[in-house]
Amino acid sequence: MNKKDYIIRREDETEYREVENLVRDSFWNVYMPGCLEHFVLHELRNDPHFIPELDLVMERNGEIIGQIIGVEASIKCDDGTFTKVLTFGPLAIRNDLKGNGYGREFMLYVVEKAKEMGYGAILFEGNNSFYSKSGFRLAQEYGIRYPEMGFVPFLNCMELIPGYLDSVTGEYLTPEGYFVDKDKAEEFDRTFPPKEKIRTDSQIF
């Protein structure tokens, strides 16, 4: 990948459907038969915790090849207070360009933007063996748990302000906008061209 062969910019409302279709293609049959991520994105744009400045697309040769969205989240601290953090996702790269480093570059761009915006830390769910290569650590190293599950191997964390989490222990609260109604998601998906749902051994849902 040539770093200069793409630009990152704000998503335009006229591109919503195109971007949702890209996300659908990117996640289809990955974690479950079919996917929910395109509906999650659709819903998050109207969520009160959605951050318009972090509703971004990656463009290459005049075509949209990637998407990411930032959402404000929080940690419910053990002392009863709440600490604001950032989460992001879905993060999608066009299928034919996966594995070329675009996703990592996109994510690190968001990290820098989040620093500029004053966020103290980023937390999100994902494969730590992959995200650790970009500087993310397991949230349990900071004393941050997942509700009802405790310390888990899929909750990633990066401090953006040194020491921001020094006195913080507690539970990461996934924004409500990520929990969508599956029936509504199915109804939304039927507005797209039909795609075959396939069950594979690698799926987790």
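These notebook entries record what I looked up in a predicted model.

**Ground rules.** I number residues from 1 along each chain as its sequence is written, and I leave hydrogens and water out, using heavy atoms for side-chain values. Because the model is predicted, I ask for pLDDT of at least 70 for local features and count side-chain atom pairs only at pLDDT 80 or more, while totals for chains, interfaces and linings use all residues.

**Entry on R45.** I found R45 in the loop between α2 (37-44) and β2 (50-60), where helices (H or I, at least four residues) and strands (E, at least two) are DSSP runs numbered from the N terminus. R45 is buried at a relative accessible area of 8%, with buried meaning under 20%, exposed over 50% and partly exposed in between (1.4 Å probe, protein chains only). Its side chain makes a polar contact of 2.6 Å with the side chain of E20; such a contact is a pair of N or O atoms within 3.5 Å, where within protein one must be able to donate a hydrogen and the other to accept it, and residues adjacent in sequence count only if both atoms are side-chain atoms. R45 also lies over the face of Y16, 3.7 Å from the ring centre, a placement that requires NZ of Lys or CZ of Arg within 6 Å of the ring centre and within 35 degrees of the ring normal.

**Entry on α1 and α2.** I noted that helix α1 (residues 16-27) packs against α2 at an angle of about 145 degrees, with the axes 8 Å apart; axes are lines fitted to C-alpha atoms, for helices over the stretch in contact, and angles run from 0 to 180 degrees between N-to-C directions. V19, E20, V23, R24 and F27 in α1 meet E37, H38, L41 and H42 in α2, contact meaning heavy atoms within 4.5 Å.

**Entry on aromatic pairs.** My search of the whole structure gave 10 aromatic pairs, in which rings of Phe, Tyr and Trp (its six-membered ring) have centres within 6.5 Å, with planes under 30 degrees apart counted as stacked, over 60 as edge-to-face and the rest as tilted. The rings of F39 and F188 have centres 5.3 Å apart and planes at 45 degrees, so I logged the pair as tilted. Since F39 lies in helix α2 and F188 in helix α5 (residues 182-189), this pair ties together parts that are 149 residues apart in sequence. F188 and F192 have ring centres 5.2 Å apart and planes at 70 degrees, so that pair is edge-to-face. I also saw R17 over the face of F192, at 3.7 Å from the ring centre.
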